[in-house]
Amino acid sequence: MAPGLDFSDWWAKDARKGTPVVVKMENPNYSVVEIDDPDAAFRPLEKSRGKNAKQVTWVLLLKAHRAVGGIAWIATLFWALLGAVKKRLIFRQDVAMASEKFGKGKLLFKVIKAFLVTSLMILAFEIAAYFYGWHYFQNPNLHIPRTSDIQGLFHLVYVTWLWFRADYIAPLIQALSKFCVALFLIQSADRLILCLGCFWIKYKKIKPRIEGDPFKSNDVEGSGYHYPMVLVQIPMCNERELSSLTLHQVYEQSISAVCQLDWPKDRLLIQVLDDSDDESIRCLIKAEVAKWDQRGVNIVYRHRLIRTGYKAGNLKSAMSCEYVEAYEFVAIFDADFQPNPDFLKKTVPHFKDNPEIGLVQARWSFVNKDENLLTRLQNINLCFHFEVEQQVNGVFLNFFGFNGTAGVWRIKALEESGGWLERTTVEDMDIAVRAHLNGWKFIFLNDVKVLCEVPESYEAYRKQQHRWHSGPMHLFRLCLPAIITSKIAIWKKANLILLFFLLRKLILPFYSFTLFCIILPLTMFVPEAELPVWVICYVPVFMSFLNILPAPKSFPFIVPYLLFENTMSVTKFNAMVSGLFKLGSSYEWVVTKKAGRSSESDLLDAAERELKTTNQLQIQRGASESELTELNLLKTDPVPVKRVNKIYRKELTLAFLLLTASVRSLLAAQGVHFYFLLFQGVTFLLVGLDLIGEQMS
């Protein structure tokens with residue numbers, strides 16, 4: 001059996017916790033002893049005191065009660081997991097199979113199934129050999145018996161397998177594992193350097209600063225203050241989800257927040273760029289725009305008749321308007337983003353007296369980060385992305401990938417870089433790379449935060465991650481010639497090619513999937529190529545600890561975070577291959593579903609907004625009474641949709657592969673390997689059964 005991991009000796013060195021228990025015996029001849037914990041009775045006592053049978057019995061009962069409670073809790077979780085497996089896999093209640101629209105997904109699934117079938121056959125073969133007493137596989141230095149030692153055909157086949165495994169299979173796995181471990185160490189070193197850079201920024205208190213009054217004008221005859229012309233764009237598409245708390249649409253939150261920006265009304269124009277193909281949603285958004293227009297806000301509504309190019313096409317169409325020429329900057333917010341009123345006053349001033357600045361990017365903050373386990377794990381990832389990756393690159397390189405929202409662009413930088421292009425699904429990264437190649441610099445503001453949402457269901461998160469990892473590889477194919485022939489410094493070219501694209505977009509999902517989902521279970525059946533403990537335990541835990549540092553409250557989730565990131569490597573690897581080889585799904589755009597979560601200020605204003613709904617009849621003068629009634633019904637009475645859980649076949653197949661490998665590791669008594677494979681397999685099982693996060697209707 002796998003050896004246990006007992007850390008009780010470490011705990012014994014620390015101060016004892018808990019309330020002291022005073023045990024008083026009925027017989028007055030017995031002494032009274034204070035017990036701080038169940039182990040106190042077994043420690044050496046003073047000579048004047050002695051332990052007796054009733055004390056020992058009481059302590060043993062306390063220990064037994066604690067052990068039974070822990071076992072009962074684990075058994076309850078295991079029983080619930082078995083119930084979910086029975087309900088969703090056997091009886092198929094309220095479940096649907098997640099479809100693979102393109103051949104590459106089916107091909108990867110077939111490869112994983114082949115690994116699973118092969119591992120099951122080998123496991124059955126070696127279990128039989130184990131019960132026969134043939135324990136050759138426990139020793140990496142294999143002893144191949146002589147011909148005289150061979151007894152029977154089955155023994156001959158087993159020894160032949162040992163010979164073939166040691167001479168032909170093990171060298172290939174060892175070579176691949178060494179290559180992946182080298183990539184793993186390089187990527188870990190990159191993250192460590194980024195963290196050190198972040199610590200240096202915190203220590204030196206380095207951040208972009210605004211000198212003096214940025215809006216003070218030198219023109220004595222004028223008003224004394226100068227505010228540049230700013231265009232604000234809100235691209236959206238079928239944003240119909242309702243907030244579960246305020247019953248307000250997602251689009252209402254973004255439009256309302258943007259319309260309350262603290263900026264002179266004559267120097268601000270808001271474009272609502274609606275690509276919705278649902279007539280009812282378009283009517284609702286038009287009514288919302290009309291409401292704010294009647295309040296004196298300079299806001300316009302745009303809808304494309306020919307909806308091509310997804311978000312990039314939407315933004316490109318909006319920038320082609322003639323009146324855009326009068327504006328100097330453009331701020332972009334997705335439909336679920338809620339900027340504070342002072343957003344423009346904290347971002348636009350950084351452009352003053354800095355003509356080389358092309359982009360000012362703000363940080364995201366999440367209203368639903370504590371909604372469920374999935375949102376907590378996403379918060380860890382995104383906090384590291386903003387506070388470490390983007391802040392360090394912004395300070396030391398003046399370059400990072402544009403996040404597509406919550407940023408302000410100099411319109412001149414967009415135009416000189418070629419504008420929005422419809423060639424990839426990561427139009428934000430595309431324009432950032434082209435602007436960098438044209439010599440523009442970026443500023444990241446870590447202390448300016450914009451409220452938004454993270455996906456609350458695994459289905460939505462999975463589709464989002466597929467787009468975020470297939471698009472960069474597709475973009476890399478397109479941008480590589482331009483990067484090589486550009487006039488920027490060689491070290492900037494190396495940073496773009498080696499670090500920005502290859503290391504962080506290609507190598508990371510490749511080694512994560514290959515090393516922990518393929519090579520590790522294979523080494524259980526080929527012990528000659530066993531991975532060292534530091535590769536599967538020490539280094540990953542240390543790197544997970546570094547990732548959690550920007551979000552210290554998430555420290556209790558360090559183990560789930562590590563396991564879930566390995567689970568997501570399947571989707572990311574799939575997407576990376578799709579984008580790298582330009583497969584069909586690399587240009588598939590799926591709008592991320594939102595729950596319409598509101599901030600605390602929105603919740604406080606909810607009652608006031610409801611009271612003002614009656615005034616909308618006077619504001620929307622162009623509509624008849626029957627049309628307004630229909631709009632109100634659409635707004636407050638959404639049609640309920642039955643929730644259906646998805647079954648993800650690749651994740652389930654990998655779950656059974658890892659669990660099979662964990663059973664094999666028991667035969668060799670490999671402790672850490674067994675526990676890692678077991679917990680990683682259970683994590684894949686939970687994700688494959690769609691038991692993480694909440695399902696969206």
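This is a predicted model: local features need pLDDT of at least 70, side-chain atom pairs count only at pLDDT 80 or more; totals for chains, interfaces and linings use all residues.
The UniProt record (unreviewed entry) places the feature "transmembrane region" at residues 67-86, 107-132, 181-201, 496-525 and 674-692. Two of these spans were examined for secondary structure. Residues 181-201 are 100% helix and 0% strand, with end C-alpha atoms 30 Å apart. Residues 496-525 are likewise 100% helix and 0% strand. Their end C-alpha atoms lie 40 Å apart.

Helix α12 (residues 458-485) packs against helix α13 (residues 490-525). The two axes come within 11 Å and cross at roughly 165 degrees. Angles over 145 degrees count as roughly antiparallel, so α12 is roughly antiparallel to α13. The crossing is left-handed. On the α12 side, the contact involves Pro 472, Met 473, Leu 475, Phe 476, Leu 480, Ile 483 and Ile 484. These meet Lys 493, Leu 496, Ile 497, Phe 501, Leu 502, Lys 505 and Leu 506 of α13. By class, the contact of α12 with α13 holds 12 nonpolar, no polar and 2 charged residues.

Helix α14 (residues 533-548) takes part in two further contacts, with α4 and with α20. The axes of α4 and α14 are 10 Å apart, at an angle of about 25 degrees. This angle makes α4 roughly parallel to α14. Here too the crossing is left-handed. From α4, Val 181, Phe 184, Leu 185, Ser 188, Arg 191, Leu 192 and Cys 195 contribute. From α14, the partners are Trp 534, Val 535, Val 539, Pro 540, Phe 542, Met 543, Leu 546 and Asn 547. The contact of α4 with α14 comprises 12 nonpolar, 2 polar and 1 charged residues.

The axes of α14 and α20 (residues 671-688) come within 9 Å and cross at roughly 65 degrees. The crossing is left-handed. Val 533, Ile 536 and Cys 537 of α14 touch Val 672, His 673 and Phe 676 of α20. The residues of the contact of α14 with α20 divide into 5 nonpolar, 1 polar and no charged.

Across the whole structure, 19 salt bridges are found. One of them pairs Asp 447 with Lys 207. Their closest N and O atoms are 3.6 Å apart. Asp 447 belongs to strand β10 (residues 441-452). Lys 207 sits in the loop between α4 (153-204) and β4 (230-236). The pair therefore ties together parts that are 240 residues apart in sequence.

Key:
Residues are numbered from 1 along each chain as its sequence is written. Side-chain values use heavy atoms; hydrogens and water are left out. Axes are lines fitted to C-alpha atoms, for helices over the stretch in contact, and angles run from 0 to 180 degrees between N-to-C directions. Helices (H or I, at least four residues) and strands (E, at least two) are DSSP runs, numbered from the N terminus. Angles under 35 degrees count as roughly parallel, over 145 as roughly antiparallel, 65 to 115 as roughly perpendicular and the rest as oblique. A crossing is left-handed if the near helix is turned anticlockwise from the far one by less than a right angle, and right-handed if clockwise. Contact means heavy atoms within 4.5 Å. Ala, Val, Leu, Ile, Met, Phe, Trp, Tyr, Cys and Pro count as nonpolar, Asp, Glu, Lys and Arg as charged, and the others, Gly among them, as polar. UniProt positions are given in the numbering used here, feature names are shortened, and annotations may be inferred rather than shown by experiment. A salt bridge is a side-chain nitrogen of Lys or Arg within 4 Å of a carboxyl oxygen of Asp or Glu.
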